[in-house]
Amino acid sequence: MKALYNRITDTIGINCYSNICGACLSKNSLDENRNIVLKNPSGVITSPEYPSSYPRELIKQCFWKILAPEGNILRVDFLSFRLPPYGTCLTIFFTINRRIPTQTRVCGLKPSFLLYSMTNEIGIEGSEGYGFEPGQGFMANYTTIPAESSGVCIPSNNTTVHMEAEGMTFATPGFPLYPGKGQCNWNISVSEGNLIKLTFLSLFTGTPCDYSYVEIFDTANSTRTSLKKFCDVAHSDVEVYSRGSSLLVTHVNLLNASTTVGFLATYETVKSIPAKYACAKSDKYGLPKTLRGTDGEFASYQFPLSYSNDAKCSWTIEVPAGFIVNLTFHTFELQKSRGCAADYVEIKQGKSYLLADELLGRFCGSSIPAVIQSNRSVVRVDFVADSSGRYPGFHASFKAVPDPAMGPCKTQGIDNVIPLSGKTGRLFSPLYPETFPNDMRCTWIISVPEGHFVKLRITSFLLAYVCKQTTLEIRDGQSSSSDLLRNFCGSSFERSVFSSGRHLWVRFHSDKDEFLYGTGFDAFFEMVSQLPAPFSCTAGNLIIKLKSETGTLASYNYPLPSDDSVECIWSISVDTDSKIVLSFEFFNVSQTSHCSEDYVEVQDGWFSTSDLVGKYCGGEKPSQITSDSWNLRVAFKSSGKTKFPGFKATYKTKKAPSRMKTEQRNGTFGKRAPVPAPFSCTAQNSHHGIELKSKTGILVSYNYPVPVDDSVMCMWSINVDADYNIRLVLSFDFFNLSQAPDCSEDYVEASRAQSLRVQITEYAQNQVLRYLLWLELQKPKCPVTTNMMFKPWQVQLEQMFVAVLVTIT
């Protein structure tokens, strides 16, 4: 080991007395790179091929020894230090020709920094990195300065070392070896008007504290003031600043030699102490410092000192819900560059520090930016300095100001009661259409004049993609005990809700702990003089099935104008020996070319693909319509762009001719022989599959309505745009299978492929996802009976990927 550290004093090395040599080069021999001796009073050291990345195999060969004349020390100013976070490091030797040297290691990406030697020599050695790409490397200036120190630390004699140089490195005797029992003092003095920055590069103290400690005193004005005391610790890069121009460092050790104690420290002269709000060190993992509250301040690296090269500081400013951020710069002086590509301050906003990607501005130079106001409660500020030029930096403060987007519901954790009255008004979730805050409770009590009713029209609604604890509750009255009308959650809602009197109570509640991502809701209320007729289509009843011999149907919210984009569907089914007669009593729908906006459509059958009887719009009542069969489909479509009263119609039944009954029994209904419906699975398409692309569609059994007489498998491929709010709703309009114990013969079986749900993360939102719906039918093993199983309830499958298997055995 001794030979290892004596190597650089051999005659093999490169002795440099000018600035043109001393480089660690690939063309040099190994011995030359391991023994670079620099004797010039000042110079520059760089990693190989700086500022390009250094060769990994070369950096580990480099060893520089810088020598100053006796009575002097060396100041090494690292102007840029960019090494990988792990792996490659520089080892700084403060004692070289010693079996166990006093040393420290410097790694990673660091702001520029100063180091001083202990004596008239200092060594710098590179090392090989492991598993990381090489960094840009480093560049350092070195200069010879007077030592201006006296005394030697001898613990057993309680001695004092006096240091008056602008900076110097010092250590307990033999560090990192055991220093011996006793006490040593280091008295540091710098020129009047300056301060001292003391940095412990390594610090070890034992326990108990009375037996091993390091204490730092400020000794300005001939008085001792304790600044810091360390005991029972192992630290590195600990900084202490003086209050005046002198410090006293005391080390006490009364422990035995088996204990690791001692320190290695360096000091330098500075003009001022960094402000408490100034950036001091970058987070180990690159995370920003979080500033929470209604006001605060922050500043560049070590402000009001000039910031270091390669300094990086980040802050996330989070003000309470219902507030936004006002950002004011009080001083600002950074390096100026085109496009602020060198040193800059960048300000962004977003829903959180991870999503703060909306740029508010990027600034550099010496002009103070104007006051910046966000429109979100989270702002991120990044300060970045490059490897050249040191400037005074900046000082800024922030203040929370009320966010007008919150609306009247402003305060978290309490019930915000908001009375609304008049003929019309608006209510919306806080911050709509942005994500609402947690722990909000907003209650609106809506009142309209006597003799009228409240219509609540919800124009937008997304609290979550699935129902959780965040809800919109609507009650028929003016208190939380009134009758519940609706309780919406997730993405399910109805566009219009009516009160039965002049009051409506509405409460929005967001969960305290739930991760929120919905956009909330937006709604309007209006005074109406009447309620929708009981036979009209409403937001809660868009698909209506009528089976009685007579009935009435009317447009959306009739007799009120239809002001939403909706579609109402009536399926009228009567006895198979009857026909349906439909008569329009009132008809007033907007008139457009080809009835492309609002219209009523009548089809002779159950389905949207059944024979079209007519498509109607305008103000003229359609003629009476008589079906050919016992089924009739009526659809009303409103675009919501205009306000027309809509329609009202009635139907009745009349018996079909006896020949019709005979044809029904024989399977030859009407003049046409029964043929498979155009949307059913057939022998021609069962092997290749049926592709459906619309948002709604119909799937029916093999050759429906012809009885099943074959064994086949049918596949439907449903392709829709990917959307995290997709829901597949399967409704059975007709169901007639044989009845057997436990459905062991003919049956329908549905299953959910929940394990596929996680695959949604593998798709971008603009891609197409494929939903497969399988239907398998086999020829019955016994005669088909006419036993009717119960019709299943509507099945809502909310998984992102759904497979449904339907089997008839």
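This is a predicted model: local features need pLDDT of at least 70, side-chain atom pairs count only at pLDDT 80 or more; totals for chains, interfaces and linings use all residues.
Biologist: Why is asparagine 309 called buried?

Modeller: Its relative accessible area is 3%, and the cut-off for buried is under 20%, so asparagine 309 qualifies. Asparagine 309 sits in the loop between β24 and β25. Leaving out residues up to four places away in sequence, it touches Leu79, Lys110, Pro111, Ser112, Asp386, Ser387, Ser388, Gly389 and Arg390.

Biologist: And why is serine 571 called buried?

Modeller: The value for serine 571 is 15%. That is under 20%, so the label is buried. Serine 571 is in strand β44, residues 566–573. Beyond four places in sequence, serine 571 touches Ile544, Lys545, Leu546, Trp606 and Leu632.

Biologist: Then why is lysine 655 called exposed?

Modeller: Exposed means over 50%, and lysine 655 has a relative accessible area of 55%, so that's the label. Lysine 655 belongs to strand β50, residues 646–655. Apart from neighbours within four places in sequence, lysine 655 is in contact with Asp577 and Ser578.

Biologist: What makes asparagine 221 and its phi worth a comment?

Modeller: Asparagine 221 has a phi near 60 degrees, a positive value in a residue other than glycine. Most residues other than glycine have a negative phi, and most peptide bonds are trans. Asparagine 221 is in the loop between β17 and β18. At 74% relative accessibility, over the 50% cut-off, asparagine 221 counts as exposed.

Biologist: What about the phi of histidine 594?

Modeller: The phi of histidine 594 is near 60 degrees too, again positive in a residue other than glycine. Histidine 594 lies in the loop between β45 and β46. Its 72% relative accessibility is over 50%, so histidine 594 counts as exposed.

Biologist: How do you know which peptide bond at proline 433 is cis?

Modeller: From omega: the bond joining tyrosine 432 and proline 433 has an omega of about 5 degrees, and that bond is cis. Proline 433 lies in the loop between β33 and β34. The bond from tyrosine 558 to proline 559 is cis as well, with omega near 10 degrees. Proline 559 is in the loop between β43 and β44.

Biologist: On to the core. What makes up the largest nonpolar core?

Modeller: It has 32 residues, and those with the most contacts inside it are Trp64 and Phe78. Elements giving two or more residues to this core include β2, α3, β4 and β5. The largest share, four residues, comes from β5. At least three residues come from each of domain 1 (20–146) and domain 2 (149–271).

Biologist: What does tryptophan 64 touch?

Modeller: Beyond four places in sequence, the contacts of tryptophan 64 include Ile36, Leu38, Ile45, Ile122, Ile124 and Phe138.

Biologist: How many cavities of 30 Å³ or more are there?

Modeller: The count is two. The largest cavity has a volume of about 50 Å³. Among the residues lining the largest cavity are Ser562, Asn588, Asp598, Phe636 and Lys643.

Biologist: And what lines the second largest pocket?

Modeller: That pocket holds about 1,600 Å³ of space. Its lining has 45 residues, of which Lys110, Pro111, Phe113, Lys281 and Tyr301 lie nearest its centre. β22 gives the most to this lining, with five residues. Other strands that each supply at least two residues include β7, β8 and β16.

Technical notes:
Residues are numbered from 1 along each chain as its sequence is written. Side-chain values use heavy atoms; hydrogens and water are left out. A nonpolar core is a set of buried Ala, Val, Leu, Ile, Met, Phe, Trp, Tyr and Cys residues joined through side-chain atoms within 4.5 Å. Buried means under 20% relative accessible area, exposed over 50%, partly exposed in between (1.4 Å probe, protein chains only). Domain bounds come from an automatic or database domain assignment. Contact means heavy atoms within 4.5 Å. On a 1 Å grid over the protein atoms alone, a cavity is a set of points where a 1.4 Å probe fits but cannot get out, and a pocket is an open set with protein on both sides within 12 Å along at least five of seven lines; lining residues have an atom within 4 Å of a point. Grid points are joined across faces, edges and corners, and a volume is the space filled by probe spheres set on the points.
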